[in-house]
Amino acid sequence: MKNKFMQKAIELSIESVNKGGGPFGSVIVKDDKIIAEGSNKVTLNNDPTAHGEIVAIRQACKSLNNFNLRDCELYSTCEPCPMCLSAIYWARIDKIYYANTREDAQKIDFDDSFIYSEFQKTISQRKIPMTQMMRDEALKAFVLWDKKTDKTKY
């Protein structure tokens, strides 16, 4: 059964290349059924966040009408990049199956090693400068959230 789901993700990745997108595909499965599909649409949509996993997560959340994808599995044609891996954790997906490695992706110019290395650095050492400002003003929203009794935690 699992091979069938990965095969679908692979088909999506090939279709994506043929349509002008990147070579990545993903499906999300719940109760042994595909509930969402995604392929890389970065260049097609001019959206750097439109990776196959993100596209599939967005579709799955709409399909289930829920931001929590617990009890779901994700099949991706490649080891998820740092952005996608973070989204998978935020979505609370139970398990990831992947085909190609990050090293395979690096060989075709999809290199995430720089991003992984940036995470290990202090804020002041990162390539993109980061400057904190207006913390006291911004904390007002955090205080409101903390006191809110009817909030939906995520």
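I began with aspartate 47 in this predicted model, and I noted that at 21% relative accessibility the residue counts as partly exposed, because the buried class ends under 20%. Looking for its partner, I found that the side chains of aspartate 47 and arginine 58 meet in a salt bridge, 3.8 Å from N to O. Aspartate 47 sits in the loop between helix 2 (42-45) and helix 3, whereas arginine 58 belongs to helix 3, so the pair ties together parts that are 11 residues apart in sequence. Arginine 58 is also partly exposed, with a relative accessibility of 41%.

I then asked myself how many salt bridges the structure holds. I count six salt bridges in the structure, and I followed up others from that set.

One of them joins the side chains of glutamate 73 and lysine 2, at 4.0 Å from N to O. This pair links distant parts of the chain, since glutamate 73 is in strand 3 and lysine 2 in helix 1 (residues 2-18), 71 residues apart. For lysine 2 I wrote down a relative accessible area of 40%, which makes this residue partly exposed.

Another salt bridge is formed by lysine 8 with glutamate 37, whose closest N and O atoms are 3.8 Å apart. Lysine 8 lies in helix 1 and glutamate 37 in strand 2 (residues 33-39), so parts of the chain 29 residues apart in sequence are tied together by this pair. I checked the accessibility of both partners: lysine 8 counts as partly exposed at 22%, and glutamate 37 is partly exposed with a relative accessible area of 29%.

The largest pocket has a volume of about 290 Å³, and of the 19 residues that line it, the closest to its centre are Phe24, His51, Cys81, Phe110 and Asp112. Which elements each supply at least two residues of this lining? I noted helix 3 (52-64), helix 4, helix 5 (102-107) and helix 6 (113-119), and the largest share, three residues, comes from helix 4. By residue class, the lining of the largest pocket divides into 12 nonpolar, three polar and four charged residues.

For the second largest pocket I recorded about 160 Å³ of space. Its lining is made by Phe114, Ile115, Glu118, Phe119, Arg126, Lys127, Ile128 and Met130, and I sorted these residues into five nonpolar and three charged, with no polar residue in the list.

My last entries concern the surface. Is tryptophan 90 buried or exposed? At 59% relative accessibility, tryptophan 90 counts as exposed, because the exposed class starts over 50%. Tryptophan 90 lies in helix 4 (residues 82-91), the helix that I had already noted for the largest share of the lining of the largest pocket.

Phenylalanine 67, by contrast in class, counts as partly exposed at 40% relative accessibility, and its place is in the loop between helix 3 and strand 3 (72-78). I also took one distance from this residue: the C-alpha atoms of phenylalanine 67 and aspartate 31, which are 36 residues apart along the chain, are separated by 17 Å.

Conventions:
Residues numbered from 1 in each chain as written. Predicted model: local features only at pLDDT ≥ 70, side-chain atom pairs only at ≥ 80, totals over all residues. Heavy atoms only, no water. Helix = DSSP H or I, 4+ residues; strand = E, 2+ residues; numbered from the N terminus. Buried < 20%, exposed > 50% of the residue type's maximum accessible area, 1.4 Å probe, protein only. 1 Å grid on protein atoms, 1.4 Å probe; cavity = no way out; pocket = protein on both sides within 12 Å on 5 of 7 lines; lining within 4 Å. Points joined across faces, edges and corners; volume = space filled by probe spheres on them. Nonpolar A, V, L, I, M, F, W, Y, C, P; charged D, E, K, R; others polar.
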